[in-house]
Amino acid sequence: MAVQGIWSGTISFSLVAIPVRLVTAIEPGRVSFHLLHNKDYSRLARKMVSPVDGSIVSPDEIVRGFELAPDQYVLMTDEELESVSPERSRTIEVLEFIDLKEVDPIYFDHPYYLVPAKGGEKAYQLLVEVMSRTNKAGLAKFVLAEREYLVAIISREGALELVTLHYHDEILSHEGLSPGKDTLSAEEKDRMTTNIKSMIEDFDPTKYSNERRTRIMDLVMQKAKERAPVEAPGMAEEPGDGPPDLVAALEESMRKVRSR
Amino acid sequence: MSRTFVDISGKRLPLSNLEKDLYPSHGFTKAQILEYYSRIAPFMLPHLKDRAMTFTRYPEGVEQGSFFEKRCPSHRPSWVRTAMVGHGDSEPLAYCLVNDLETLLWAENLAALELHAPLARAGTPETPDSLVFDLDPGDGAGMAEAVRVALILRDLLSNMALESWVKSSGKKGLHVFIPLNRAEATFEDTKRFSKAVAESMQKHYPDLVTAKMAKQYRTAKIFINWSQNDATKTMISVYSLRGRAQPFVSFPLPWQELERLAGQAENLQVTPEEAVRRAESTGDLFHEVLVKEQKLPHL
């Protein structure tokens with residue numbers, strides 16, 4: 001077990017079936033903080049609150065509504081949503097092989113790695129090599145957590161990456177954002193070309209790091225060194241008896257312990 | 001920075017600052033820490049296997065503060081294995097798995113003196129392998145009281161046909177484990193069980209025991225921290241060093257030793273040298289915690 005998968009199944013097309021696991025390829029660099037009460041540093045909990053009287057609404061009183069117009073909702077139950085969800089499936093079904101250069105990066109959403117599962121190593125390696133040699137990527141569909149995704153399967157440095165793609169109707173048009181067609185002088189074009197050429201480098205992402213994250217973590221460590229962290233009180237300790245049989249058994253056992 | 005390399009199982013591991021004294025008031029260098037962990041590894045590694053480890057790192061030594069590290073450092077060597085674990089609605093993190101000697105020594109080279117493990121393995125994060133009672137002495141109480149409570153607990157559990165094992169925390173307290181190893185009880189079960197036991201102990205030994213977390217109830221008493229039986233909590237691993245002034249180890253203790261030493265219980269602290277000597281002569285006294293199958297009754 002190297003990394004735990006978040007999904008497992010098979011890549012399939014024509015007569016090929018490659019068992020794989022999907023693992024995450026990204027560890028978000030965001031520093032997360034907890035929200036604490038400044039009186040006793042207890043962790044705050046989120047509750048749903050009625051805007052009408054401020055009372056806390058319990059989960060079993062919450063329903064889902066689609067807003068048709070202001071203050072007008074169509075109610076939708078979990079069962080109804082389930083009935084239109086794609087069927088859970090164990091396959092990543094390759095529909096086409098495409099040239100990745102044709103894909104505008106604006107379509108790329110979230111990257112994962114595909115890892116060969118037991119028995120799939122050879123077929124996996126074959127797909128990696130052939131896709132790499134022919135410079136093609138697989139365009140596939142698959143269902144993860146009740147949503148059907150369009151994905152690209154990419155061969156990179158001996159491994160397969162899977163990137164979920166946005167559907168085309170999620171992409172906003174840039175119409176109206178680009179300027180009109182002014183005539184550009186050859187001199188202006190030359191100057192810009194020279195500028196750009198002087199700045200050309202090979203892409204090396206390791207040159208750049210999330211400096212804000214580094215600075216926040218340095219500050220956290222420095223503060224932790226300077227003074228002890230604040231301490232939260234224990235979890236809610238609701239009194240209340242344990243399971244009745246257990247409490248009785250404990251009483252019986254305790255009687256024996258104490259009688260010695 | 002001084003640097004040296006060791007090769008383990010064909011993997012090359014750079015070690016740095018070997019002469020640095022990480023326990024300055026006592027004198028225990030990084031080289032000695034690495035030696036301790038490599039000699040205790042055969043006994044310790046089975047307890048760490050496939051657990052999403054949290055490190056407490058002391059890069060400048062135990063007197064200079066520490067930090068918890070849950071996320072496996074991103075500059076790890078490619079052969080360090082990780083597991084993605086998330087709890088509730090929190091974002092999953094890649095935790096280090098310390099399954100082999102090279103990873104253990106890599107972690108120690110990062111001055112991860114304390115190794116903390118969850119009670120469940122990464123593949124089955126909701127079903128703990130064991131239930132734990134963390135016996136934590138409040139101000140004015142000490143190891144002697146913790147030993148008394150541990151012995152009562154052992155007898156109480158034994159009457160319910162549950163065998164238990166005990167280890168020193170390496171700090172002030174003791175940890176009593178009930179092995180389960182049946183992939184059956186959930187943390188909800190172990191928490192209900194341990195809470196009921198702690199409350200029964202508090203009821204019958206009110207001057208000795210409290211089951212309440214709040215500091216004001218803990219003076220001169222042993223707090224039985226049942227809430228450690230939780231998927232999000234970790235316990236100091238058996239055989240781990242602790243980040244105190246003097247290097248002590250969380251070490252498994254035979255019950256007879258607790259009975260014998262009950263009066264002078266400060267002697268229960270185990271140094272790294274003693275830990276290696278004892279483990280090599282008796283074997284892993286916590287082995288049963290890994291394999292013994294037991295079922296919690298009356299839930």
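Entry 1. I began with one residue pair in chain A of this predicted model: A:I11 stands opposite A:I92, which belongs to β5(A). I then looked up the strands around this pair. Strand β1 of chain A covers residues 7-13, strand β5 of chain A covers residues 91-98, and the two pair in the parallel sense over three bridges.

Entry 2. I followed β5(A) to its pairing with strand β7 of chain A, residues 137-144. The sense here is antiparallel, and I noted five bridges. Within this pairing, A:V94 stands opposite A:A140 in β7(A). I recalled that strands of a sheet pair through backbone hydrogen bonds, either parallel or antiparallel.

Entry 3. I continued from β7(A) to strand β8 of chain A, residues 147-156; the two run antiparallel and are joined by seven bridges. I recorded A:I153 in β8(A) as the bridge partner of A:G138.

Entry 4. What do the strands of chain A close into? I found a barrel of seven strands, in the order β1-β2-β6-β9-β8-β7-β5, with mixed pairing. On average, neighbouring strands of this sheet are turned by 40° against each other, direction ignored.

Entry 5. I asked which strands helix α2 of chain A, residues 121-134, lies across. They are β2 (16-24), β6 (108-116), β7, β8 and β9 (159-165) of chain A. Helix α2 runs at about 85° to β2(A).

Entry 6. I turned to chain B and noted seven helices and 14 strands. Chain B has 299 residues, of which 47% count as buried. I also looked up its contacts between residues at least 6 apart in sequence: 68% of them join residues at least 24 apart.

Technical notes: Residues are numbered from 1 along each chain as its sequence is written. Chains are lettered from A and ligands numbered from 1 in the order in which they are written. This is a predicted model: local features need pLDDT of at least 70, side-chain atom pairs count only at pLDDT 80 or more; totals for chains, interfaces and linings use all residues. Two strands pair if DSSP finds at least two bridges between them. Helices (H or I, at least four residues) and strands (E, at least two) are DSSP runs, numbered from the N terminus. Axes are lines fitted to C-alpha atoms, for helices over the stretch in contact, and angles run from 0 to 180 degrees between N-to-C directions. Two residues are in contact if their C-beta atoms, placed from the backbone, lie within 7 Å. A residue is buried if 20 or more other C-beta atoms lie within 10 Å of its own, exposed if 12 or fewer, and partly exposed in between; C-beta atoms are placed from the backbone.
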